Amino acid sequence: MKLDADKNPWLDAAPTRKLFAALPKDSARFVGGCVRNALLGAPVADLDIATTLEPAEVAKRLKQAGFAVHETGIAHGTLTVVCASTVFEITTLRKDVSTDGRRATVAFTKDWNEDAQRRDFTMNALYADLAGQVYDPTGQGIADIKARKIRFVGDARTRIEEDYLRILRFFRFTAWYGHDRIMDKGGLAACRDLQSGLKTLSAERIWSEIKKLLSAPYPFRTVNVMLVGGVLETLLPEASNAEGLQYLCELEAIKSLEPDPYLRLMVMSGRDELATARLCKRLKMSNKEKARLMAWAGDQTKLTPDMPKKESEIAFYTAGRQVAMDRAILRAAGAGADMNRWWHVYLQAKNWQKPDFPVAGKDLIELGIPHGPALGKAMRALEALWIKSGFNVQKPQLLTAAKMLFRNLDGL
Ligand code: ATP
Ligand code: MG
């Protein structure tokens with residue numbers, strides 16, 4: 001089995017050739033996602049390389065060859081190497097010495113077979129050299145790629161007990177590459193039986209995997225299997241509406257929408273402010289992620305498909321474009337005959353140009369309104385007036401109104 005350099009330009013790219021030239025012959029091979037995806041005909045995102053050399057030796061050689069070497073992961077045997085905007089993750093061959101379900105103590109090895117044994121799935125334990133020659137130390141990886149079977153390397157239970165994140169990775173890779181195949185029975189049963197171990201994982205690792213799972217083109221069947229097996233409830237007690245996810249995926253297919261893991265999470269959780277707040281907190285989401293979910297969950301703006309244009313634009317301004325788009329798309333999903341009416345609201349919000357409020361604080365200060373609460377109050381009152389007019393009232397009229405307002409407010 002050989003990878004085709006024409007279809008995989010990264011194999012033959014200048015940074016790749018320069019990197020392999022800096023290392024002794026046969027000491028490095030591609031591994032993991034890039035080999036797996038190349039064989040599956042899926043896009044290759046990042047380039048992982050396994051090497052028999054120890055990290056300090058790799059760092060020395062690559063620095064000499066002019067690469068930028070980042071040593072943040074060196075304690076685990078990983079270096080990040082950058083050349084002409086190509087990023088390589090280079091990891092010394094390892095074998096697990098001890099594991100506790102969350103992290104492993106590892107030792108370096110020069111044995112490719114030992115390194116393959118500590119990897120999670122047979123299709124992730126495939127290696128390729130610079131010529132594209134594929135190596136399959138487990139003897140099952142290539143066949144499993146062909147069958148799109150996500151199969152643990154070795155005994156599923158043992159491998160899960162070493163690292164419970166593998167349960168989520170099993171579902172993530174199934175959602176991406178095996179969604180239309182029968183899942184490995186033993187692997188699935190082990191994931192179901194050992195799911196309570198997921199509770200020992202850090203929120204960051206869980207959320208990062210869930211996001212990847214929910215970014216798969218067709219995650220619905222996998223999520224349904226997770227629901228039936230109780231794994232979804234263990235992971236996302238606030239977001240277990242698998243049926244909603246199916247509707248959203250159907251809409252995505254009809255309207256050629258890119259998968260959006262946040263929308264998918266929203267449809268699975270429903271617009272409940274408290275539950276959403278709990279979900280954001282438990283998964284330790286970033287402020288940006290939290291902001292999008294909470295704005296959507298808490299929005300009270302009236303939004304319906306039959307609103308006159310002016311009214312819907314006022315709604316977009318009040319709710320915010322993203323919230324309006326999110327609400328409309330989620331209403332379109334599974335709406336049956338109403339789908340296109342809500343889709344139209346989504347498109348309207350998407351194409352809407354947010355108007356700029358024409359009055360600035362300094363305009364009011366020039367009119368003699370002092371800094372402080374009165375200024376804020378006047379700005380808000382003017383903005384409300386401007387919004388109510390459908391954004392039509394112009395700056396001079398607003399300033400005239402400001403003068404009157406201030407007279408009334410402060411008795412000038
Ligand atoms: P992608 O980069 O597309 O998410 P990947 O397979 O490259 O997929 P990474 O997380 O980049 O995934 O990991 C690289 C490789 O390291 C995997 O292919 C696998 O061989 C191994 N690996 C990663 N995480 C684990 C784990 N928790 N247990 C065992 N092996 C793992
Ligand atoms: Mg990878």
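1. In this predicted model, the backbone just after helix 10 deserves a look, since Gly230 takes a positive phi of about 85° there. Helix 10 itself runs over residues 220-228, and its buried residues are Phe220, Thr222, Val223 and Met226. These four residues cover an arc of only 165° around the axis, and therefore they lie on the same side of helix 10. The cover over the buried residues of helix 10 comes from several elements, including helix 7 (165-177) and helix 9 (203-213), and also helix 11 (231-235), helix 12 (242-255) and helix 13 (261-269).

2. Arg148 has a phi near 50°, a positive value in a residue other than glycine, and its place is in the loop that joins helix 5 (141-147) to helix 6 (156-162). With a relative accessibility of 27%, Arg148 counts as partly exposed. Phe391, likewise not a glycine, has a positive phi of about 65° and sits in the loop between helix 20 (373-388) and helix 21 (395-410). Is Phe391 buried or exposed? Its relative accessible area is 13%, so Phe391 is buried, the cut-off being under 20%.

3. Helix 9, one of the elements that cover helix 10, also contains Glu204. Glu204 counts as partly exposed because its relative accessibility is 46%, which falls between the limits of 20% and 50%. How far apart in space are Glu204 and Ala378? The distance is 44 Å from C-alpha to C-alpha, for a separation of 174 residues in sequence.

4. Ala45 is found in the loop between helix 2 (33-40) and strand 2 (47-51). Its relative accessible area is 78%, and since exposed means over 50%, Ala45 is exposed. The C-alpha atom of Ala45 is separated by 16 Å from that of Lys211, although the two residues are 166 apart along the chain.

5. Thr91 belongs to strand 5, which spans residues 86-92, and with a relative accessible area of 12% Thr91 is buried. Which residues does Thr91 contact, once its neighbours within four places in sequence are left aside? They are Ile49, Ala50 and Thr51, then His76, Gly77 and Thr78, and finally Arg118.

6. Turning to the whole chain, the model has 21 helices and nine strands. For 412 residues, a compact globule would have a radius of gyration near 22 Å, whereas the chain has 28 Å. Along the principal axes, the C-alpha atoms fill a box of roughly 85 × 50 × 40 Å. Of the contacts between residues at least 6 apart in sequence, 63% join residues at least 24 apart.

7. As to burial and surface, 49% of the 412 residues count as buried. The chain exposes about 20,100 Å², and carbon and sulfur atoms supply 52% of that area. There are 60 positive and 49 negative side chains, and the centres of these two sets lie 3 Å apart.

Notes. Residues numbered from 1 in each chain as written. Chains lettered and ligands numbered in written order. Predicted model: local features only at pLDDT ≥ 70, side-chain atom pairs only at ≥ 80, totals over all residues. Heavy atoms only, no water. Helix = DSSP H or I, 4+ residues; strand = E, 2+ residues; numbered from the N terminus. Rg over C-alpha atoms; globule rule 2.2 N^0.38 Å. Buried < 20%, exposed > 50% of the residue type's maximum accessible area, 1.4 Å probe, protein only. Contact = heavy atoms within 4.5 Å. Areas by Shrake-Rupley, 256 points an atom, 1.4 Å probe, with all protein chains shown as cover. Lys, Arg positive; Asp, Glu negative; His and termini not counted. Charge placed at Lys NZ, Arg CZ, Asp CG, Glu CD. Arc of directions from axis to C-beta.
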